[in-house]
Amino acid sequence: MKPKIAISIGDINGIGIEIALLSHEKIAKICKPIYCINKNLLKAASKQLNIKIPKDFKTFETKGDFEIKPGDVTKKSGKYSFDSFMDAIKLADKKQVDAICTLPINKEAWSKADISYKGHTEVLRDYFGKNAIMMLGCKKMFVSLFTEHIPLKKVPKKINVEDLTRFLIDFQKSVKSKKIGVLGLNPHASDNGVLGNEEVEIFKAIKNANKMLDEKIFTGPLVPDTAFSPMSRKNYKYFVAMYHDQGLAPLKALYFDQSINVSLNLPIIRTSVDHGTAFNIAYKNEKVNLKSYINAIKEAIVLANSKK
Ligand SMILES: NC(=O)C1=CN([C@@H]2O[C@H](COP(=O)(O)OP(=O)(O)OC[C@H]3O[C@@H](n4cnc5c(N)ncnc54)[C@H](O)[C@@H]3O)[C@@H](O)[C@H]2O)C=CC1
Ligand SMILES: NCC(=O)COP(=O)(O)O
């Protein structure tokens, strides 16, 4: 049986609805998508995009006020994208769908709508009371982020043995890899304390986690500037980065077109695209890449089938 997947529509002023409409025929062959979007909104978007709504485009009526303003950051679109996501979560929580896949939201629009969460992962963490882990990647390489949507200056304070050890254990249990590279924080992984001291915590967490797993799974702290070199990527498929751009800048430089986002360590399955709302090309008939979304749907199906 094809798995049911709830799709949150993302920011309606971005490329989300266009991606959903253009990919539907392809993904409907492998899953049963349910789009969390109001029918009138869908009709308005399809008219504006000049893309027909496929006959079998099944929707879940996300209620709310909406107005399409291509490329604009608005309070209404922030609220609507959040409500669409909450509907998808509730469908998964009630087991009415097997997984959810999210189209991109705009963080500034969420903020304008007084939503205190920065992104989907924070909402999931709060909703399920679990330490959700953000991991992005593709079949060649995956990067999990120890810290995500926080200002850079707060990152060093977050690095401590206890939290990092727990993160490493949870991450290994989710991906089951036997070989995971953990990055340091400072240039040259501090060169033995010459350029900072966070690596002491990272080293202890790695040691603890390997001891608890009774196997040498984690290696590091890896020197960040060479961790993603071709040679190093031959050694590791899975990496742990200390902060958002440390992991995502190399990933997106290498595999932006095809990578996905997966939330680990949760009772539900959630995948997503790796890109954002792309306001600069929304509703402009420009070439929109569908690969990340289609790969995210495929991964949701794999995960849903493996859970059965
Ligand atoms: N899963 C999510 O909800 C994500 C949300 N965001 C949010 O999206 C907003 C915009 O983020 P940006 O940093 O501008 O990144 P972005 O990914 O929206 O855009 C970066 C560049 O890539 C292009 N691009 C992105 N996706 C594309 C696609 N599928 N096809 C063709 N071109 C594409 C855009 O046109 C732009 O030139 C921010 O609020 C950000 O926080 C960012 C990443 C993920
Ligand atoms: N760069 C990843 C991103 O911003 C997506 O985060 P989330 O919405 O999946 O929490």
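From which domains does the shell around ligand 2 draw at least three residues each?

A: The shell around ligand 2 draws at least three residues from domain 1 (1-130 + 266-308) and at least three from domain 2 (132-261), the domain bounds coming from an automatic or database domain assignment. This is a predicted model, in which local features need pLDDT of at least 70 and side-chain atom pairs count only at pLDDT 80 or more, while totals for chains, interfaces and linings use all residues. Residues are numbered from 1 along each chain as its sequence is written, and chains are lettered from A and ligands numbered from 1 in the order in which they are written.

The residues that surround ligand 2 are Gly 119, His 120, Thr 121, Met 134, Leu 248, Asn 261 and Ser 272, where a residue counts as near a molecule if its C-beta atom, placed from the backbone, lies within 6 Å of it. By class, this shell has two nonpolar, five polar and no charged residues; here Ala, Val, Leu, Ile, Met, Phe, Trp, Tyr, Cys and Pro count as nonpolar, Asp, Glu, Lys and Arg as charged, and the others, Gly among them, as polar.

As for the two domains themselves, the C-alpha centres of domain 1 and domain 2 lie 28 Å apart. Their contact takes 18 residues from domain 1 and 13 residues from domain 2, two residues being in contact if their C-beta atoms, placed from the backbone, lie within 7 Å. On the side of domain 1 that touches domain 2, helix H5 (120-128), strand S11 (270-273) and helix H12 (291-307) each supply at least two residues; helices (H or I, at least four residues) and strands (E, at least two) are DSSP runs, numbered from the N terminus. H12 gives the most to this side, with five residues, and by class the side has four nonpolar, seven polar and seven charged residues.

Strand S11 also takes part in the shell around ligand 1, to which helix H4 (107-112) and S11 each supply at least two residues. Of the 17 residues around ligand 1, those that come nearest are Pro 104, His 275, Gly 276, Ala 278 and Asn 289, and the residues of this shell divide into seven nonpolar, eight polar and two charged.

For the setting of these parts, the chain holds twelve helices and eleven strands, and its C-alpha trace spans about 60 × 40 × 35 Å along its principal axes.
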